[in-house]
Every structure is written in structure tokens, then in C-alpha cells.
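Please keep the model open while reading.

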Amino acid sequence: MANEFDPDLPSNRLIFDIRRDNDVWPHFKERLEELMEAYGLSPAEREAFRAVDVRRLGELGVHPYFLPQVTRLFHGAAGNTTKSAAAEAYRRSFGDQIVEHRDISSEEKPHG
């Protein structure tokens, strides 16, 4: 994924503001269309939000820090584990780029 953050991208302003406004974020999903219109998102941004396609949002210029937060806006942050709905949505978008956790506690350590 290209990591070319676009600070002027309307999606970045939308995510930034929603994270700070406790009156909006719990109602984000219900207000998605209204908010995308109010912030002037492009058709490509709107399509990516509707599909919860964070990979595409990253390609469009959404700040990498915001990408996992997008899945939390749609799926909630409760039970924030690798098996949460938000984490699974993130994995669906970046599946081929996710490095799975590897338990190294039982691996043989080099002698030195």
C-alpha cells in the first residue's frame, strides 16, 4: 500500500472531527451519508467508507493512524482484541499484508 497521506483529503478531516465529538461518533453509522455529504467526500471516498474498505481509504490518502479507527467507528471498540469485529474488518482489507502473530516463546534460542 502506498502510504501517501493527504492532509487535505476530506476523509481525514471527517475522521479527525468524529473522534473528538462524542455527540457524533456513537451515531456515525446512522449519519454516514449525511456526514460524507457535509464534509464533501469524493465518490471514491464514499464508496470506500460504505464498503469499510480501509485499504482503499489508505490508497486515497487517509492517514495510516486513522485506518484502524475507521473499522472501530463501524464495529465498535469494545473487546479490542485481534479477534474483534473491528480487527477482522481491518484484516479483510489488508489480509495479504497482515503479519500474523508468532509465538516465539517455545522456539529454540541461538547459542551465544
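## Positive phi after two helices

Just after α3 (43-50), V52 takes a positive phi of about 50°, a positive value in a residue other than glycine. V52 is found in the loop between α3 and α4, where helices are DSSP runs of H or I with at least four residues, strands are runs of E with at least two, and both are numbered from the N terminus. V52 is buried, with a relative accessible area of 15%; buried means under 20% relative accessible area, exposed over 50%, and partly exposed in between, with a 1.4 Å probe and protein chains only. A positive phi also occurs just after α5, where G76 has a value of about 85°.

This is a predicted model, in which local features need pLDDT of at least 70 and side-chain atom pairs count only at pLDDT 80 or more, while totals for chains, interfaces and linings use all residues. Residues are numbered from 1 along each chain as its sequence is written, and side-chain values use heavy atoms, with hydrogens and water left out.

Which residues of α3 are buried? They are E45, R46, A48 and F49, and, seen down the axis of α3, they fall within an arc of 165°, so they line one face of the helix; the arc is that of the directions from the helix axis to the C-beta atoms. On the other side of α3, P43 and E47 are exposed. An α-helix has 3.6 residues a turn, so residues three or four places apart point the same way.

The cover over the buried residues of α3 includes α1, α2, α4 and α5, with contact meaning heavy atoms within 4.5 Å.

## How α2 meets α3

The axes of α2 and α3 come within 11 Å and cross at roughly 175°; axes are lines fitted to C-alpha atoms, for helices over the stretch in contact, and angles run from 0 to 180 degrees between N-to-C directions. The two helices α2 and α3 are therefore roughly antiparallel to each other, given that angles under 35 degrees count as roughly parallel, over 145 as roughly antiparallel, 65 to 115 as roughly perpendicular and the rest as oblique. On the α2 side, F28, L32, E33, M36 and E37 take part, and they meet R46, F49 and R50 in α3.

## Aromatic pairs

A search of the whole structure finds three aromatic pairs; rings of Phe, Tyr and Trp (its six-membered ring) pair if their centres lie within 6.5 Å, and planes under 30 degrees apart count as stacked, over 60 as edge-to-face and the rest as tilted. One of them joins F28 and F74 edge-to-face, at 5.1 Å centre to centre and 80° between the planes. Because F28 lies in helix α2 (residues 28-39) and F74 in helix α5, this pair ties together parts that are 46 residues apart in sequence. F28 is buried at 0% relative accessible area, and F74, at 10% relative accessibility, also counts as buried.

Another pair, Y65 and F66, is tilted, with 6.1 Å centre to centre and 55° between the planes, and F66 is buried with a relative accessible area of 10%. F28, F49 and F74 form one aromatic cluster.

## The nonpolar core

Of the 22 residues in the largest nonpolar core, I18, F28, F49, L57, V62, V70 and F74 touch the most other members; such a core is a set of buried Ala, Val, Leu, Ile, Met, Phe, Trp, Tyr and Cys residues joined through side-chain atoms within 4.5 Å. The elements giving two or more residues to this core are α1 (10-20), α2, α3, α4 (54-60) and α5. Leaving aside neighbours within four places in sequence, I18 is in contact with V24, W25, F28, L35 and L73.

In α5, the buried residues are L67, Q69, V70, T71, L73 and F74, and they pack against α1, α2, α3, α4 and α6.

S84 lies in the loop between α5 (67-75) and α6 (85-94). S84 is buried, with a relative accessible area of 8%, and, neighbours within four places in sequence aside, S84 is in contact with A78 and G79.

The chain has six helices and zero strands, and buried residues make up 30% of its 112 residues. Among contacts between residues at least 6 apart in sequence, 51% join residues at least 24 apart.
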